[in-house]
Amino acid sequence: MKQTTTLPEDADAASPEQEPDGRPLWRQLAAARWGNGGNDRAARVVGYSMLAIALGLGGFQIYTALNLSLGSYRQRVLHLMFVLVVVFLTRPAGKGAWAKRAPMAFVDLLLVLAAVTVSAYPVLDYEAIVTRTGAPVTTDLVMGAVTILLLLEACRRVIGTFMAVLVTCFLVYAWIGPLLPGLLSHRGYTVQRIIYHNYLFQEGIYGLALGVAASFVFMFIFFGAVLEKTGGGSFFINIAYALTGKYRGGPAKGAVVASAFMGSVSGSAIANTVTTGAFTIPMMKKVGYKPHDAGGVEAAASTGGQLLPPIMGAGAFVMAELVGVPYTEIVKIAIIPALMYFAVIFLFVDILARRYGIMGVPAESLPRLREVMAGGWHFLVPFVLLIFMLMQYAEPLLAGLYATVLLAVVAMFRASSRLSLKDVAEAFVLAARNTLSVSVATAAAGIVVGMVSLTGLGLKFSSMMLSWGGGYLLPTMLLIALASLVLGMGLPVTASYIVLIVLAGPALLDLGVPLVVAHMIVYWYSQDSNVTPPVALSGFAAAGIAGSDPMRTSVSAWKFSKGLYLIPLLMAYSPLLLNGSVTEVILAVVTGLIGLLAFAVAIEGFWLRKTTLVERLAAFSGTALLLSPYAVGDAVGTVLVLAVVVAQLRGHRPPAPVSVTSLSGRAG
């Protein structure tokens, strides 16, 4: 059975493809924006226009992956042109009925025309623009100003008002520099210089961040779209349940494993949540997990998908470019921390199962591993190719393209996964729709990066961080985590990572943190907006499926995902990212895991039985000591944790199990 369509990073519960009306995805998207009537002419025209644009974008991305003659600047310009056109065709200016009426439809069509015009200009007049570098003419500046305004409006529609306002503040900051006090003061720049820097330089809108989204990231989004249309998601979910379903708290453990599988493919926390959560959350509730805990487990596990290779979040590809290393190197150092993150969630799930006496699912109600593998082993072939090419240091762009082609080919050998022409067309539309949030966010973040480099704000912000942190690493990291939380209330994780690494990254470097470690720390912290109240996007998505209170679900997700805050400390104080000898890395992993597991017990107040006050304090103390950079702390912390383990074993009495007779059906 083929799975439902994956939602993008900023999708909401009312996404149009959830309508069971059988219409193609491009018709659903157009109808949601331009009219829901089945015979609405405007919706039909826009729908087919959307299909043509999606095919054009996909074809353009495949062409530029194989042919590099166009040049990076023009490739990014044309990619953003496609994205802006899709935004103004499918995303209304507001939620009210006024946004769908004829006057606003006319305005949106004018915005589409403007997006095409300002994008075609630097592509067609490229040679002349290069010739007059440093001396822009009036047309250059007008086109640049319109581009910035279009991007801000697209940012408001796709991501939200917060980011549009934030980007505007950085533009204003570059202009009013002489009027600002203290460290924030700078010599100031003219409006013309600000526009020119953002529009005709590769340090602004069309900078490195958009370049990554317009190449590597889009190709892996396309891979995920093809996998979704072939029904590969059901295969991975069934494997997870076949492996873990019969054990204590099986459905929740299956949710963790399924989210790890799917997250390593989708690289999007919210897409992961709504895709796997539709199967896993009802099963968790059925065996006895409380609705808010079921949603919290899924949200926390899905967030880990952006941390787990081979396909991490978009920020990981940006990280590779900023650090100047192959993406394969990022993959290598990311594996151990990601597995540790999932180990902590796994323990939380097991603790809840012990506390409430939740047992596994009867074997007859679970998919059989042999049958699952027999029916879907061909989905593994593209992943083998993808991992092989990455390990051979092939370009991620080409690795993603070849894996996508191979996936489409092997899917044709099974009737259950065979793609029809409609499926192929919908895969292109799905990829175009899902790239909106990433491309708009990275283009807008490019303005922030450009203004920071132009004004020198990065060094000033870093100096402020060091001053407030007293020159010590731990308080500085806590300040960065707090800044990430604040930014995460209005920015998607990729934009949050880019902005934060530009502003706070130099502070970590000044404190002696290696470059790649500093980037990985900020990247991990930037994920917290998915699970941390008051804005927890994955938590809210999971709550909608679980039928639970969104805030309570988000608090549960925040509790289960504590690894997001603790594992970066291990990165900073130990060679967890393979930046030490084999012995040192093994010791860091072992002591780190003991500390993380002790922290889970301390937070939950339960393991084999309810912890006493002394045991809980010992577990907290052991965690703090094990996360410290000192060998003595590791030794004392290990002793404290072992003491808690012994005390728990001596007083353990198994709770009465909750009986589970059967489930309504198998996942997928």
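**Figure 1. Aromatic pairs, with Y73 and Y206 as one case.** A search of the whole structure finds 18 aromatic pairs. Rings of Phe, Tyr and Trp (for Trp, the six-membered ring) count as a pair if their centres lie within 6.5 Å; planes under 30 degrees apart are called stacked, those over 60 edge-to-face, and the rest tilted. The Y73 and Y206 rings form an edge-to-face pair, because their planes stand at 80° with the centres 5.5 Å apart. Y73 belongs to helix α3 and Y206 to the loop between α8 (191-199) and α9, so this pair links distant parts of the chain, 133 residues apart. Helices are DSSP runs of H or I with at least four residues, strands are runs of E with at least two, and both are numbered from the N terminus. Y73 is buried at 8% relative accessible area, and Y206 is buried at 0%. Buried means under 20% relative accessible area, exposed means over 50%, and partly exposed lies in between (1.4 Å probe, protein chains only). The model is predicted: local features need pLDDT of at least 70, side-chain atom pairs count only at pLDDT 80 or more, and totals for chains, interfaces and linings use all residues. Residues are numbered from 1 along each chain as its sequence is written, and side-chain values use heavy atoms, with hydrogens and water left out.

Figure 2. The planes of F222 and F428 meet at 50° and the ring centres are 4.9 Å apart, so the pair is tilted. F222 lies in helix α9 and F428 in helix α19 (residues 421-434); the pair therefore ties together parts that are 206 residues apart in sequence. Both residues are buried, F222 at 7% relative accessibility and F428 at 15%. Elsewhere, ring pairs join F223, F235, F236, F379 and F383 into a cluster.

**Figure 3. Charged side chains over aromatic rings.** R74 lies over the face of Y126, at 4.3 Å from the ring centre. In a second case, the charged end of K562 sits over the ring of W558, 3.3 Å from its centre. A charge is taken to sit over a ring if NZ of Lys or CZ of Arg is within 6 Å of the ring centre and within 35 degrees of the ring normal.

Figure 4. The structure holds 13 salt bridges, each defined as a side-chain nitrogen of Lys or Arg within 4 Å of a carboxyl oxygen of Asp or Glu. E153 and R157 meet in one of them, at 2.7 Å from N to O. Both residues lie in helix α6 (residues 138-158), 4 residues apart, about one turn of the helix. R157 is buried, with 12% relative accessible area. A network of salt bridges links D108, E153, R156 and R157.

Figure 5. R354 forms a salt bridge with D350, with the closest N and O atoms 3.0 Å apart. Both residues lie in helix α15, 4 residues apart, about one turn of the helix. R354 counts as buried at 19% relative accessibility, as does D350 at 9%. R355 forms a salt bridge with E604, the closest N and O atoms being 3.2 Å apart. E604 is in helix α28 (residues 582-604) and R355 in helix α15, so this pair ties together parts that are 249 residues apart in sequence. E604 is buried at 8% relative accessibility, whereas R355 is partly exposed at 28%.

**Figure 6. The second largest pocket.** About 570 Å³ of space lies in this pocket. Its lining has 30 residues, of which L68, S215, F216, E395 and L397 are the closest to the pocket centre. The elements that give two or more residues to the lining are α2 (41-66), α3 (72-90), α9 (208-230), α14 (314-323), α15 (327-356) and α18 (396-411). Helix α9 gives the most, with 6 residues. By residue class the lining divides into 18 nonpolar, 9 polar and 3 charged; Ala, Val, Leu, Ile, Met, Phe, Trp, Tyr, Cys and Pro count as nonpolar, Asp, Glu, Lys and Arg as charged, and the others, Gly among them, as polar. On a 1 Å grid over the protein atoms alone, a pocket is an open set of points where a 1.4 Å probe fits, with protein on both sides within 12 Å along at least five of seven lines, and lining residues have an atom within 4 Å of a point. Grid points are joined across faces, edges and corners, and the volume is the space filled by probe spheres set on the points.
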